[in-house]
Amino acid sequence: GGNVSFRYQTGIQLEAQCDYSPGDINYDDVLNVVDIVGLVNIILGNSSDESCTADYNNDGIINVVDIVSLVNFILN
């Protein structure tokens, strides 16, 4: 007799949760144009701040899709 156990890895990596809202680049609890400008600066390399809030759509990549998603959220 004995116990049989299996372990497997799914490849999914859970990252630490962010304390601020996604898209709130300047941490003022308001999503507005200032956050869009900050996100553009991060993407263009003018800012070294790549916080967890910069990846608005949470896909692991900070790019123009995050800007479009943030603008869509602000306008709606």
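Let me start with the overall picture. The model is predicted, so keep that in mind throughout. The chain has two helices and zero strands. There are 76 residues, and 21% of them count as buried. Now look at the contacts with a sequence separation of 6 or more. Of these, 43% join residues 24 or more positions apart.

Next, the core. Which residues make up the largest nonpolar core? There are eight: Ile25, Ile36, Leu39, Ile42, Ala54, Tyr56, Ile67 and Leu70. Both helices take part, with at least two residues each from α1 and α2. The top contributor is α1, which gives three residues.

Let's go to α2. This helix has twelve residues. From first C-alpha to last, α2 reaches 17 Å, close to the 16 Å expected at 1.5 Å a residue. Which residues of α2 are buried? They are Asp66, Ile67 and Leu70. Seen down the helix axis, these buried residues fall within an arc of 100°, so they line one face of α2. What do they pack against? The buried residues of α2 pack against α1. Turn to the face of α2 that points away from the buried side. That face carries Val64, Val68 and Leu75, which are exposed. Note the residue types here: an aspartate sits in the buried set, and valines and a leucine sit in the exposed one.

So, Asp66. Its place is in helix α2. How exposed or buried is Asp66? Its relative accessible area is 0%, so Asp66 counts as buried. What does its side chain reach? It reaches the backbone nitrogen of Tyr56, at 3.2 Å. Now set aside the neighbours within four places in sequence. Asp66 is then in contact with Leu39, Ala54, Asp55, Tyr56, Asn57, Asp59 and Ile61.

Asp55 lies in the loop between α1 and α2. Its relative accessible area is 12%, and the cut-off for buried is under 20%, so Asp55 is buried. A polar atom of the Asp55 side chain lies 3.2 Å from the backbone nitrogen of Asp59. Again leaving aside neighbours within four places, Asp55 is in contact with Gly60, Ile61, Ile62 and Asp66. The Asp66 side chain reaches a backbone nitrogen at Tyr56, and the Asp55 side chain has one at Asp59.

Now the aromatics. How many aromatic pairs does the structure hold? Two. Take Tyr20 and Tyr27. Their ring centres are 4.4 Å apart and their planes meet at 50°, so this pair is tilted. Tyr20 is partly exposed, at 37% relative accessibility. Tyr27 is partly exposed too, at 33%.

The other pair is Tyr56 with Phe73. This pair is also tilted, with 6.2 Å centre to centre and 50° between the planes. Where do its two residues sit? Tyr56 is in the loop between α1 (33–44) and α2 (64–75), and Phe73 is in helix α2. They are 17 residues apart, and the pair links distant parts of the chain. Phe73 is partly exposed, with a relative accessible area of 46%. Tyr56, by contrast, belongs to the largest nonpolar core.

Not counting residues up to four places away in sequence, Tyr56 touches Pro22, Gly23, Asp66, Ser69, Leu70 and Phe73. One of these, Leu70, is a core residue as well.

Last item: backbone angles. Two residues deserve a look. Asp29 has a positive phi of about 65°, although it is not a glycine. Asp29 lies in the segment before α1. At 63% relative accessibility, Asp29 is exposed. Asn58 also has a positive phi, near 55°, and it is not a glycine either. Asn58 lies in the loop between α1 and α2. Is Asn58 buried or exposed? Exposed, at 66% relative accessibility.

To recap. The buried face of α2 packs against α1. Tyr56 is in the core and pairs with Phe73.

Definitions and conventions
Residues are numbered from 1 along each chain as its sequence is written. This is a predicted model: local features need pLDDT of at least 70, side-chain atom pairs count only at pLDDT 80 or more; totals for chains, interfaces and linings use all residues. Side-chain values use heavy atoms; hydrogens and water are left out. Rings of Phe, Tyr and Trp (its six-membered ring) pair if their centres lie within 6.5 Å; planes under 30 degrees apart count as stacked, over 60 as edge-to-face and the rest as tilted. Buried means under 20% relative accessible area, exposed over 50%, partly exposed in between (1.4 Å probe, protein chains only). Helices (H or I, at least four residues) and strands (E, at least two) are DSSP runs, numbered from the N terminus. A nonpolar core is a set of buried Ala, Val, Leu, Ile, Met, Phe, Trp, Tyr and Cys residues joined through side-chain atoms within 4.5 Å. Contact means heavy atoms within 4.5 Å. A polar contact is a pair of N or O atoms within 3.5 Å; within protein, one must be able to donate a hydrogen and the other to accept it, and residues adjacent in sequence count only if both atoms are side-chain atoms. The expected span of a helix is 1.5 Å times one less than its number of residues. The arc is that of the directions from the helix axis to the C-beta atoms.
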